[in-house]
Amino acid sequence: KLAQRKNEIETDVSSLKALINEMMWDEESGFYYDLTMEGKQIRIKTAAAFWALISGVADERQAERLAGWVEEEKTFNRLHRVPCVAADEPEYDPMGGYWRGSVWAPINAMVVLGLENCGRHELAKKIARNHLDCIVKIWKMTGSIWENYPPDFLSSGNAEKTDFVG
């Protein structure tokens, strides 16, 4: 019975990975996009795409393309990495704007672990060090840690609460 249940779960996981790749992956841009309730791709580049790395949904070729986006200065490779929305998106806020570009520790943890999961250890290390270096510099300037940070400035951005990390 346990072996049967294990096979069922493996089949479900395989089907879900295939569905995610079919519906959310865009081959032309090399990116995973969120979906509307109707199943249409929302053509906004967000850090949510990198869940495909940590989950194992992305194959080696897709992982390579996603890693390229993390290195791209026009999108996710900002002064403080990794913003939740790519810098080349119209709604991007260089001061963070909460979910319009802010850098969040849990998102960076997901990106770092995802990159490690697909063998990109040096890139993962660069991002982790960047995040830690930036928050230490901001702590030294402000005496506080913050829930999120602006991607393009070493400051607390538009965060309102000191010593608040959610």
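Here's a quick tour of the nonpolar cores and salt bridges in this predicted model.

Let's start on the inside. The largest nonpolar core has 31 residues, and within it Phe 50 and Leu 66 touch the most other members. In soluble globular proteins, nonpolar side chains tend to be buried together.

What does Leu 66 touch? Leaving out residues up to four places away in sequence, its contacts include Trp 25, Phe 31, Tyr 32, Phe 50 and Leu 53.

Now for the charged side chains. The count comes to 13 salt bridges, and here are some of them:

| Pair | Closest N to O distance |
|---|---|
| Glu 10 and Lys 6 | 3.7 Å |
| Arg 120 and Glu 64 | 2.6 Å |

Glu 10 and Lys 6 both sit in helix α1 (residues 2–24); they are four residues apart, so about one helical turn separates them. Glu 10 is partly exposed at 42% relative accessibility, while Lys 6 is exposed at 52%.

The other two pairs link distant parts of the chain. Arg 120, in the loop between α4 and α5, reaches Glu 64 in helix α3, 56 residues apart. Arg 120 is buried at 12%, but Glu 64 is partly exposed at 48%. Arg 81 lies in the loop between α3 and β3 (103–104), and its partner Glu 71 is in helix α3, 10 residues apart. Arg 81 is buried at 6%, whereas Glu 71 is partly exposed at 34%.

Finally, Glu 27, Arg 61 and Arg 65 are linked in a network of salt bridges.

Technical notes
Residues are numbered from 1 along each chain as its sequence is written. This is a predicted model: local features need pLDDT of at least 70, side-chain atom pairs count only at pLDDT 80 or more; totals for chains, interfaces and linings use all residues. Side-chain values use heavy atoms; hydrogens and water are left out. A nonpolar core is a set of buried Ala, Val, Leu, Ile, Met, Phe, Trp, Tyr and Cys residues joined through side-chain atoms within 4.5 Å. Buried means under 20% relative accessible area, exposed over 50%, partly exposed in between (1.4 Å probe, protein chains only). Contact means heavy atoms within 4.5 Å. A salt bridge is a side-chain nitrogen of Lys or Arg within 4 Å of a carboxyl oxygen of Asp or Glu.
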